[in-house]
Every structure is written in structure tokens, then in C-alpha cells.
Amino acid sequence: TGALASGMAMAAAPLVAETDANAKSLGYVADTAKADQAKYPKHTKEQMCSNCALYQGKTAPQGGCPLFPGKEVTSKGWCSAYAKKA
């Protein structure tokens with residue numbers, strides 16, 4: 001069975017669920033267009049994980065974020081910890 005596993009790429013970490021306690025506390029949404037504008041009035045649709053300083057996925061559709069260890073966020077996601085990439 002070792003031969004079966006060797007031909008497969010490493011599985012990506014699971015996506016963080018919007019219902020995850022940490023995600024809820026940060027207002028995380030998998031799609032920036034669905035951010036709660038009433039709760040986060042400073043949010044703009046241009047803000048998304050892919051252009052956040054914390055995003056570790058470079059140009060991938062999903063990638064790691066230090067706020068969600070062991071999980072990944074979508075590149076078009078958003079949370080209240082958003083920090084524009086320099």
C-alpha cells in the first residue's frame with residue numbers, strides 16, 4: 001500500500017469553517033463579498049486574504065494563515081484581522 005501513497009501529492013490542510021469559534025470571533029468569511037458590513041464598516045470588497053500580509057498561499061486559491069493553525073483560508077476570504085500586504 002506504500003506505492004499507492006507515494007504517487008499522491010500531499011493533501012492540503014482543511015479549510016477553516018466559518019462556524020469555527022476562532023473564525024467567528026474574527027468575522028472570517030470564505031468570500032469577502034459576504035463580510036458583515038454592518039459589523040465591520042471598514043471592510044471593502046478589495047480586502048481579501050490573497051492581499052493580506054498574513055496570507056501564506058502566495059497566488060494559490062487557498063493557503064495557510066497564522067491565525068488558523070493547521071487550517072487554510074480561501075484567497076478570496078476575509079476576516080477582521082486583515083492587514084494590507086506591503
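This is a predicted model: local features need pLDDT of at least 70, side-chain atom pairs count only at pLDDT 80 or more; totals for chains, interfaces and linings use all residues.
1. As a general background, nonpolar side chains in soluble globular proteins tend to be buried together.

2. With neighbours within four places in sequence left aside, Leu 26 is in contact with Tyr 40, Leu 67, Phe 68, Cys 79, Ser 80 and Ala 81.

3. As to secondary structure, the protein chain contains 2 helices and 2 strands. Read from the N terminus, their order is α-α-β-β. Helix α2 covers 21-26 and strand β1 covers 62-64, and the loop between α2 and β1 holds Lys 58. His 43 is placed in the loop between α2 and β1 too.

4. Which value describes the burial of the chain as a whole? Of its 86 residues, 31% count as buried. The accessible surface of the protein chain amounts to about 5,600 Å², and carbon and sulfur atoms account for 62% of that surface. Among contacts in the protein chain with a separation of 6 or more, 59% are between residues 24 or more positions apart.

5. Is His 43 buried or exposed? The relative accessible area of His 43 is 6%, and the cut-off for a buried residue is under 20%, so His 43 counts as buried. The side chain of His 43 is joined to that of Thr 32 by a polar contact of 2.7 Å. Not counting residues up to four places away in sequence, His 43 touches Thr 32, Ala 35, Gln 37 and Trp 78.

6. Lys 58 counts as exposed because its relative accessibility is 69%, where the cut-off is over 50%. The phi angle of Lys 58 is near 50°, a positive value in a residue other than glycine. Lys 58 and Ser 75 are 17 residues apart along the chain, and their C-alpha atoms are separated by 8.7 Å.

How values were computed
Residues are numbered from 1 along each chain as its sequence is written. Side-chain values use heavy atoms; hydrogens and water are left out. Helices (H or I, at least four residues) and strands (E, at least two) are DSSP runs, numbered from the N terminus. Buried means under 20% relative accessible area, exposed over 50%, partly exposed in between (1.4 Å probe, protein chains only). A polar contact is a pair of N or O atoms within 3.5 Å; within protein, one must be able to donate a hydrogen and the other to accept it, and residues adjacent in sequence count only if both atoms are side-chain atoms. Contact means heavy atoms within 4.5 Å. Accessible areas come from the Shrake-Rupley method with a 1.4 Å probe; for residues, only the protein chains shown count as cover.
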